[in-house]
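Good morning. Please look at the model first.

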Amino acid sequence: MGGNPQFPVGTPGLDPRAPAPQGDRGSKILAPLRAEGARGVTIAVVSTVVVFGLLTFAIVNSSGWPQIKEAFFDPTVFWDSLDKIMGRFARNVFIFLVAEVFVLILALIVAVTRSLRGPVFTPLRILAAAYTDLFRAVPTILVILLLGFGAPSLQIKGVPHSDIFWAIVALVLVYSAYVAEVYRAGIQSVHPSQVASARALGLSRGKTMRFVVIPQAVRRVLPPLLNDFIGLQKDSALVAVLGYTEALRQAQITSAANFDFTPYVALALVYIVITIPEARFVDWLVARDERRRQSVGGV
């Protein structure tokens, strides 16, 4: 009646009446600070300020800093180039948004194809595997060059000949190969018992995949999918190698006109401002998924 006499009443994990330990659900970076309390926060802030202060002092007092400052951090060139770069950055936004839509669709088709069972689907599985192996092996910039300069020369009727079209096609082909493997990992993570249960309820293989497997798989791999989206967003700058005037190409033009590298710093800042919030959003999704698993495990 008093529980196990070897352990005090209410001992977490030992007394069944004790509440389950909740664990630390916060950021893994900030968790040690919470454990230490106010003293830990103070030490962390002071140490961070000291380290970055010493680093800044060493840089600005180095012998080559005046030349670096003039070549990379000219405020006049910065604000002038930032305005021009932002005007062209909308083209990058268009490229990676359009490419992302087709990547999500094509990658899911490839992943489902590789997950098909039965000897009759062997040729399709071989083609899907060959596709993912090929486009994960070839560098993205090389695919863009091959398609951007080679495909328009084929003069295929009904197919656009513009370089931007083939640049988007190249990005879709490369990133679909990576995202397909992410999808496939999510599909394989669904326990076979759920598939067997769905089949026992009378669902066909297609409906089982559509209503049972794929929804769970997509939900489980959402953080890595968003990471791939961030990568695609940055790689949209690679279309500059075709001469298409987007943000990176505009930075190159402005840099050449001013004999200054500050436009590249301005473009890097644009990507940082956009990418860091997306990365923190991915971290939030991971933390939310971890909390959900912990709550299910506690129940």
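Helix H6 (residues 140-150) packs against helix H7 (residues 163-189) at an angle of about 140°, and their axes are 8 Å apart. Helices here are DSSP runs of H or I with at least four residues, numbered from the N terminus. Axes are lines fitted to C-alpha atoms over the stretch in contact, with angles from 0 to 180 degrees between N-to-C directions. H6 and H7 are therefore oblique to each other; angles under 35 degrees count as roughly parallel, over 145 as roughly antiparallel, 65 to 115 as roughly perpendicular, and the rest as oblique.

On the H6 side, the contact (heavy atoms within 4.5 Å) is made by Thr 140, Val 143, Ile 144, Leu 147 and Gly 148. H7 brings residues including Trp 166, Leu 171 and Val 174.

This is a predicted model: local features need pLDDT of at least 70, side-chain atom pairs count only at pLDDT 80 or more, and totals for chains, interfaces and linings use all residues. Residues are numbered from 1 along each chain as its sequence is written, and side-chain values use heavy atoms, leaving out hydrogens and water.

Now the core. The largest nonpolar core has 41 residues, and Leu 171 is among those with the most contacts inside it. Such a core is a set of buried Ala, Val, Leu, Ile, Met, Phe, Trp, Tyr and Cys residues joined through side-chain atoms within 4.5 Å, where buried means under 20% relative accessible area (1.4 Å probe, protein chains only). H7 gives the largest share of this core, 15 residues. Beyond four places in sequence, Leu 171 touches Ile 95, Thr 140 and Leu 232, among others.

Key. Helix = DSSP H or I, 4+ residues; strand = E, 2+ residues; numbered from the N terminus. Buried < 20%, exposed > 50% of the residue type's maximum accessible area, 1.4 Å probe, protein only.
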